[in-house]
Amino acid sequence: MTTAEDAVIRRQVTVNASIEKAFAVFTEQFGDFKPKEHNLMGSPIAETRFDSHVGGHIYDVAEDGSECRWARVLAYEPPARVVFSWDISPYWQIESDEAKTSEVEVNFIAESPERTRVELEHRHIDRHGPGWEGVRDGIAEEGGWPTYLVRYADVVGSSI
């Protein structure tokens, strides 16, 4: 039997940056820490874009100009919070049925003027249907959110 907690992944990282900088790096430089090999297209990724408004998308732009919109921006509340959908199926293909997508909420909590805790919760993973456990396991383990957050912290530390 699946419980709600089975379908949630929580990770966090603390960065030496103001809350404003931590939020800006996460949303404006997402492609700097998203692994390029995390690609659903036939051509290498040239850049990843994160729209700064509700109703926008997170999407990859390939070297050949094609685009892959793999997330929808559901909440955009600088510098405290952003929520986006995860529109990728258990078969690592775009999921067009919004009822079969999960959500990622990222909260930015100022611990001091120059230190921010970033809490990420990926929830409702079971909405992906049969095979959802593979999605959960893929994002929970190395190569998933832990890798993203380590790389994010590195980018925050190297940003001006």
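In which loop is His124 found? His124 sits in the loop between β7 and α3, where helices (H or I, at least four residues) and strands (E, at least two) are DSSP runs numbered from the N terminus. The structure is a predicted model, in which local features need pLDDT of at least 70 and side-chain atom pairs count only at pLDDT 80 or more, while totals for chains, interfaces and linings use all residues. Residues are numbered from 1 along each chain as its sequence is written, and side-chain values use heavy atoms, with hydrogens and water left out.

**Backbone geometry**

- His124 has a positive phi of about 60° although it is not a glycine, and at 30% relative accessibility it counts as partly exposed, given that buried means under 20% relative accessible area, exposed over 50%, and partly exposed in between (1.4 Å probe, protein chains only).
- Trp92, in the loop between β5 and β6, is a residue other than glycine with a positive phi near 55°, and its relative accessibility of 40% makes it partly exposed.
- Pro78 and Pro79 are joined by a cis peptide bond with omega about -5°, and Pro79 has its place in the loop between β4 (67–77) and β5.

**The loop between β5 (81–86) and β6 (102–112)**

- Asp87 is found in this loop and counts as buried at 5% relative accessibility.
- The side chain of Asp87 makes a polar contact of 3.0 Å with that of Arg72 and another of 2.9 Å with that of Ser85; a polar contact is a pair of N or O atoms within 3.5 Å, where within protein one must be able to donate a hydrogen and the other to accept it, and residues adjacent in sequence count only if both atoms are side-chain atoms.
- Not counting residues up to four places away in sequence, Asp87 touches Trp70, Ala71, Arg72, Gln93, Ile94, Glu95 and Thr101, contact meaning heavy atoms within 4.5 Å.
- Ser89 lies in the loop as well and is buried, with a relative accessible area of 6%; leaving aside neighbours within four places in sequence, Ser89 is in contact with Glu95, His128 and Val135.
- Asp97, also in this loop, is partly exposed at a relative accessible area of 33%, and a polar atom of its side chain lies 3.0 Å from the backbone nitrogen of Ala99.
- The C-alpha atoms of Asp97 and Ser112, which are 15 residues apart along the chain, are separated by 41 Å.

**Helix α3 (132–140)**

- The buried residues of α3 are Trp132, Val135, Arg136, Ile139 and Ala140.
- Seen down the helix axis, these buried residues fall within an arc of 120°, so they line one face of α3; the arc is that of the directions from the helix axis to the C-beta atoms.
- They pack against β1 (9–15), β5, β7 (115–123) and α4.

**The largest pocket**

- The largest pocket is lined by 15 residues, of which His38, Trp86, Ile88, Trp92 and Tyr148 lie nearest its centre, and the elements giving two or more residues to the lining are α3 and α4 (145–158).
- On a 1 Å grid over the protein atoms alone, a pocket is an open set of points where a 1.4 Å probe fits, with protein on both sides within 12 Å along at least five of seven lines, and lining residues have an atom within 4 Å of a point.
- About 250 Å³ of space lies in the largest pocket, the volume being the space filled by probe spheres set on grid points joined across faces, edges and corners.
- By class, the lining has eight nonpolar, five polar and two charged residues, with Ala, Val, Leu, Ile, Met, Phe, Trp, Tyr, Cys and Pro counted as nonpolar, Asp, Glu, Lys and Arg as charged, and the others, Gly among them, as polar.
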